[in-house]
2 protein chains.
Amino acid sequence: MRKYTPANFTDIKLTGAFWRERLDTVLAHTVPSQYRQLGSHGILESLTLPQPVPELRIPRTEHGFTTQIFWDSDVGKWIEAASYALSHRRDPEIEKKIDAIVDDLEKAQRPDGYLNCWYIGREIDNRWTNLRDNHELYNAGHLLEGAVAYFRATGRRRFLDVMERYMDHIAETFGPDPGQKRGYPGHQEIELALIKLYNLTGDKKRLDLAAYFINERGRQPHYFEIEAKARGDEHFWQGTQEYNQSHKPVREQDKVVGHAVRAFYMYSAMADLAAERDDAELKHACQVLWKDVTETRMYITGGFGPSASNEGFTTDYDLPNATAYAETCASVAMVFWAQRMLNIDLEGEYGDILEQALYNNCMSGLSRDGEHYFYDNPLESDGSHQRWEWHPCPCCTMNVARLIASVAGYFYSTSADALIVHLYGGTEAQLRVAGTEVGVKEVSDYPWSGDISVTLDPASETEFSLKLRIPGWCKGATAWVNDEPVDVAANTVYGYLDIRRGWKKGDAVRLNLPMPITRAYAHPQVRDDYGKVALKRGPLLFCIEQADNAEVPFDFVRLPRDARLEAQVLPGLFDRIVTIEAEGRLVGSEGWQGVLYRTAPPEEQSVTLTAIPYYLWANRGPNAMKVWIDED
Amino acid sequence: MRKYTPANFTDIKLTGAFWRERLDTVLAHTVPSQYRQLGSHGILESLTLPQPVPELRIPRTEHGFTTQIFWDSDVGKWIEAASYALSHRRDPEIEKKIDAIVDDLEKAQRPDGYLNCWYIGREIDNRWTNLRDNHELYNAGHLLEGAVAYFRATGRRRFLDVMERYMDHIAETFGPDPGQKRGYPGHQEIELALIKLYNLTGDKKRLDLAAYFINERGRQPHYFEIEAKARGDEHFWQGTQEYNQSHKPVREQDKVVGHAVRAFYMYSAMADLAAERDDAELKHACQVLWKDVTETRMYITGGFGPSASNEGFTTDYDLPNATAYAETCASVAMVFWAQRMLNIDLEGEYGDILEQALYNNCMSGLSRDGEHYFYDNPLESDGSHQRWEWHPCPCCTMNVARLIASVAGYFYSTSADALIVHLYGGTEAQLRVAGTEVGVKEVSDYPWSGDISVTLDPASETEFSLKLRIPGWCKGATAWVNDEPVDVAANTVYGYLDIRRGWKKGDAVRLNLPMPITRAYAHPQVRDDYGKVALKRGPLLFCIEQADNAEVPFDFVRLPRDARLEAQVLPGLFDRIVTIEAEGRLVGSEGWQGVLYRTAPPEEQSVTLTAIPYYLWANRGPNAMKVWIDED
């Protein structure tokens, strides 16, 4: 049983301008345009079986691999994102579309419950023969998450029934018993989907199957080796088992390695399982891995995985900026993991990283217009890195959509006697705390401002803790209850201000989180940030973009340690945002005419720089950008 | 007729410790060990024709190319270097070896004068069919330089006769007349060799042939295209005609491009020809090219050509440090060119660059023990760049040897009424100035000290100008004639202090060139040096090497703008050198335990750095090195 349970996002209404804009964009533009893209790329059509001659739209690579095998997952993720959208605003058109997809899936499903359109359409006899590469369990997981979300949004259970049958089939196929395959996914995902299903239905065998996949992973003899041998295919294009975190049993893993999304989906499931089963060993493994990645392998954007070649991790402190992979999906997966860590222990650091990944790397993945995407999110660009409308492997598109459509679900959680606030922004919620229905109304202009007011409206006066996250970036937070000051420092435990009292209707808490502009420095071992500085304000990381600094050659700009920095509200830019005006220095080429070397250092002149929040970059055409600026 | 003529190095005796040590090393170690290497690599043997089955010791590349076709040139350069050594100290053993080589060459020479051992031994019918790639004229040039040097050293003219016959053959073969090939070298070199021959013999047709090669180069229709078509071989592995500077007629060239050694050998010959024929157009082309390369494409070491792929130039300000090619041969060739520019106009800049290339990049090419070499001379190394004993293409070995063995020839030149001093260091010379024999004795510990005393000993009192180069790096030079102060500023024209008077026996000039440690900064467009500083003292560039700074992680060291810098004489290091002790700053990792980003910049601590002259690096085993150090 989880100690802390996230509030269901359907119980929370986003009213603040910041998230409202993002949510409306996803509802109005992202979800419908993604459906069009799924259609025009043949992905929807690929579900309609039997197809006369199953066409391979995405050719195989030299290794015999095609991204087309992911398509079921793309559909599952779109249904999930669309269902979150439906929770905000029902839409018969969208529901008709989903039902039609479910028709296809239901028809495609084999009598034994198996449901993978790629294998059914092409080579059903080869099913379950290449878990390592061919994503059957991954696809099943995403379809299952879609089915759970659709049921929660609409109460319709046909898709859920289809998926429950498929899960029954999977549970029969895989496990430690005689006649079962001792396999597990090549791309982790189904584990956390199964736990979602368990949280919905309470059916313990779903949790057991998730636990089996987690615990079996990486054991010897190694299943992927056995499986490859059986196929007569010894070639593994990724080289090492670190790639999919099957190099050792998960409880023994202490370094974050390999493909970042696989890793974080797995850690999410591990944290889920640790919380559900109060598994101290698994929790410890999560803590060790958390510490490892956040202390040595995380971009300041909350991005993860510097390398394109394995879409993942390399070595400690290897965090190049211009070539950063930092896949959108990896940051979304970090949000999942961080939330699940908060289900185990209420530690502000989990909320801090959740917020950091969400507001920066995740949001960078979706354009302002809601119809363009980043797969990789570099921290520096010469202007050549541009958003795309679609991608041969469109995982990030639906991942960022489902995150934003359900972002309200990350704001609150509850425990037996506490109402916990992790994120800030205008919301109206109806939550059950200590046995009582409590209306919660938060008014704030977060993340632009740290002035927050929370008004509680319990059905009856009830004693419980109101726990408010004091972000790690914040110094000198102040708070009042009904205009009585609260001693924030004395009452803050592990990053959460705990205000315990009998709450009655209309009780109001004011919280002020000061948001000065701060400078950020990276560990000196991060070679690519050495001698450089980044600017932050509140949860937002800033960057300079050429669009706001047309005449400034970024290669020659510095931000001295004592530079004037000033926050400015710009009503005309992206509706209304806060920018940073910074007094930089520009190294000029005056006096260098005909001179290649000299004894005097280059002259400098003052230059006014405008920095915008990182997540907004690349929304104004080809455009150079930089997060880390030379300091001295 | 040249306005200024370099003094023959045989008239100058090196007495100062600095050059004496280098010269003794070349005499005792470099020349003999190179002979052994030429023997053990089959290069000497390759001259003994006919060979039963001519073996191809250096296999051909995929383009059908083998460096074995250079071998004649290696022999020529060794004879040249050895002959310079003989000028210092006759040696019957060496002379016997050279005579034996001349025996072989004489026997190999064809009745028509042709002499290329590779073609004669293998495919004589294909001679003169691939000037672009196959180095026949280049080899001829180096053999000719060897013959001229051997004649000057010993008075024996058999080798010179052989080569004169070969030059007659070449003059018959190439030219604008009917029946002649309108060819010119793929690798320039023979042009300057022919002018050396002309300077020795006064035979004007040698100068004419050099002029033909210079003037024909790059004309349309393009000879290398015609030649390639005739061979039925359209493939040019170097891609463009810029590679060998045949992309346009030399007088129209205004950008330094392509292979650096080819370029500088050609510019040297152009300058020679401009001086000999008072050719204003050619002089102007040289001036434009000089300005281009020294203002945009020169390493602070006096190295040239950043790129290994074309052994040459890329784009303006592209001067990477760790991957710098900066071939030893290219700097040696720059010394040749600079000296020839000084034959045209007495401008201090030519002497400055000559000195810069000589004391830094050129000398880096030869190890302290005189038997190990650098082909490429990077400005930064992680310790993996090591000296080698020999090289598949051993051009640099003999090039640095012949330069050092003849270095005295760069110290002085004379004109009708002037004795000019370009370089400093202890010397004793006997020169003819204004019709009078003048003994010159210079005492100094240059480059360690800038205190210089020059005593003149004319056969009779004679009026002439004594012109002393005031290096561009020097501020506040002072001078005295017989203890009478000289107004240096008022009497310095284009970088040369002109002291004109009637000189009589025992007249002594004291010159003081202050040598504070100075900081050097590169043009801001040099991306790889941006925010960095280099240290210089006098003509010497310094570097930090791990051997002297064992505990200092070079990646984390800075040299603040106001750092204390102190010159120290270290008697125990490399005999006796001046080092720089610098008070640097080291970025530490204290306070970063478990922290990846923070608001406070990294702490720094003081660290004492020892810098040594760049030319001495890599003489103490594998060893990291850095010229450009982060400043702030």
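In what sense do β2(B) and strand β6 of chain B pair, and over how many bridges? This is a predicted model, and in it β2(B) and β6(B), which covers residues 427-433, run antiparallel and share three bridges.

As a reminder, strands of a sheet pair through backbone hydrogen bonds, either parallel or antiparallel.

Staying with strands, have a look at β15 of chain B, residues 517-522. Five of its six residues are buried, so β15(B) is largely enclosed by the rest of the structure. Which partners does β15(B) have? One of them is strand β16 of chain B (residues 532-537), paired with β15(B) in the antiparallel sense over four bridges. Here B:Arg519 stands opposite B:Leu535 in β16(B). Another comes from the other chain: strand β21 of chain A (residues 597-598) is joined to β15(B) by two bridges, and these two strands also run antiparallel. To find that cross-chain link, go to A:Tyr597, whose bridge partner in β15(B) is B:Ala522.

Over to chain A for some helices. Helix α1 (residues 17-40) and helix α2 (residues 71-88) of chain A have axes that come within 10 Å and cross at roughly 150°. Anything over 145 degrees counts as roughly antiparallel, and therefore that is the relation between α1(A) and α2(A). The crossing of α1(A) past α2(A) is left-handed. On the α1(A) side, the contact is made by A:Leu23, A:Leu27, A:Val31, A:Gln34, A:Tyr35 and A:Leu38. Facing them from α2(A) are A:Asp74, A:Trp78, A:Ala81, A:Ala82, A:Ala85 and A:His88.

Where do you find cis peptide bonds in chain A? One runs from A:Gln220 to A:Pro221, with omega near -5°, and A:Pro221 lies in the loop between α9 (204-216) and α10 (223-231) of chain A. Another links A:Tyr446 to A:Pro447, with omega near 5°; this time the loop is the one between β7 (436-444) and β8 (451-458) of chain A.

Then check phi. A:Gln245 isn't a glycine, yet its phi is positive, at about 55°. You'll find A:Gln245 in the loop between α10 and α11 (260-277) of chain A, and A:Gln245 is buried, with a relative accessible area of 0%. A:Ala618, also not a glycine, has a positive phi of about 65°. Its loop lies between β22 (604-613) and β23 (625-626) of chain A. Is A:Ala618 buried or exposed? A:Ala618 is buried, with a relative accessible area of 6%.

Note on methods. Residues numbered from 1 in each chain as written. Chains lettered and ligands numbered in written order. Predicted model: local features only at pLDDT ≥ 70, side-chain atom pairs only at ≥ 80, totals over all residues. Heavy atoms only, no water. Pairing = 2+ DSSP bridges. Axes fitted to C-alpha atoms, helices over the stretch in contact; angles between N-to-C directions. Parallel < 35°, antiparallel > 145°, perpendicular 65-115°, else oblique. Left-handed = near helix turned anticlockwise from the far one by under 90°. Contact = heavy atoms within 4.5 Å. Buried < 20%, exposed > 50% of the residue type's maximum accessible area, 1.4 Å probe, protein only.
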